[in-house]
Amino acid sequence: MHAHTYKDEATLTKSRTVARKVLTQAATTYAEAYRRNGGYWTGINAATTALLIGRTAAARRLASAVHDSCLQELKRARADKYWLYATLGEAALVHRDSEEAREWYAKARAVAGKRYGDLQSSRRNARLLLAHWKLDSREIEECLTIPGDIAFAG
């Protein structure tokens, strides 16, 4: 949770210097958590934050390891696969493969139902990666759509 807080702080600050400092803290904290528990959630966040601070080789190594573990987990998964699909999409974006990412995100969306908070979380990280690589976000955005609000006053 500390790492998540650092990442949120980095996205909210206007200062590039402060953003890099807290993203570095996030990357370090996520990497340590991944080293300790091997979970794909901490691993993909370690990869994403490493990429955002310019540690591309480390980010790709982490994303590849997470990708492989998610594929293994998918073979065993009986129930909810949303986070496995979304994580595979994010791992693909770390590798700058927007086509593969789109395929995984489409699968995530197909099983998401009304889990709009989860979709928003996936979309937030995808946007960070797409902006980092300066890639068009339209296809990924379409995969992770969330219905707009409707207000009625009668």
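What share of the contacts in the protein chain with a separation of 6 or more comes from residues 24 or more positions apart? The figure is 57%, where a contact means heavy atoms within 4.5 Å.

Hello everyone, and a quick word on the ground rules. This is a predicted model, in which local features need pLDDT of at least 70 and side-chain atom pairs count only at pLDDT 80 or more, while totals for chains, interfaces and linings use all residues. Residues are numbered from 1 along each chain as its sequence is written, and side-chain values use heavy atoms, with hydrogens and water left out.

Let's start with the overall picture. The protein chain has 8 helices and 0 strands; helices are DSSP runs of H or I with at least four residues, strands are runs of E with at least two, and both are numbered from the N terminus. Of its 154 residues, 37% count as buried. Here buried means under 20% relative accessible area, exposed means over 50%, and partly exposed is in between, using a 1.4 Å probe and protein chains only.

Now to the charged pairs. Side chains of opposite charge can pair when their charged atoms come close. A salt bridge here is a side-chain nitrogen of Lys or Arg within 4 Å of a carboxyl oxygen of Asp or Glu, and the count comes to 10.

Glu-32 is partly exposed at 29%, whereas Arg-35 is exposed at 59%. Together with Arg-36, these two belong to a network of salt bridges.

Next, Asp-80 and Arg-115 form a salt bridge at 2.9 Å, N to O. Asp-80 is in the loop between α4 and α5 and Arg-115 in the loop between α6 and α7, so the pair ties together parts that are 35 residues apart in sequence.

Is Glu-141 buried or exposed? Glu-141 counts as buried, at 19% relative accessibility, while Arg-127 is partly exposed at 36%. Leaving aside neighbours within four places in sequence, Glu-141 is in contact with Arg-123 as well as Arg-127.

Finally, let's visit Leu-71 in helix α4. Leu-71 is partly exposed at 29%, and touches Leu-88 and Trp-104, not counting residues up to four places away in sequence.
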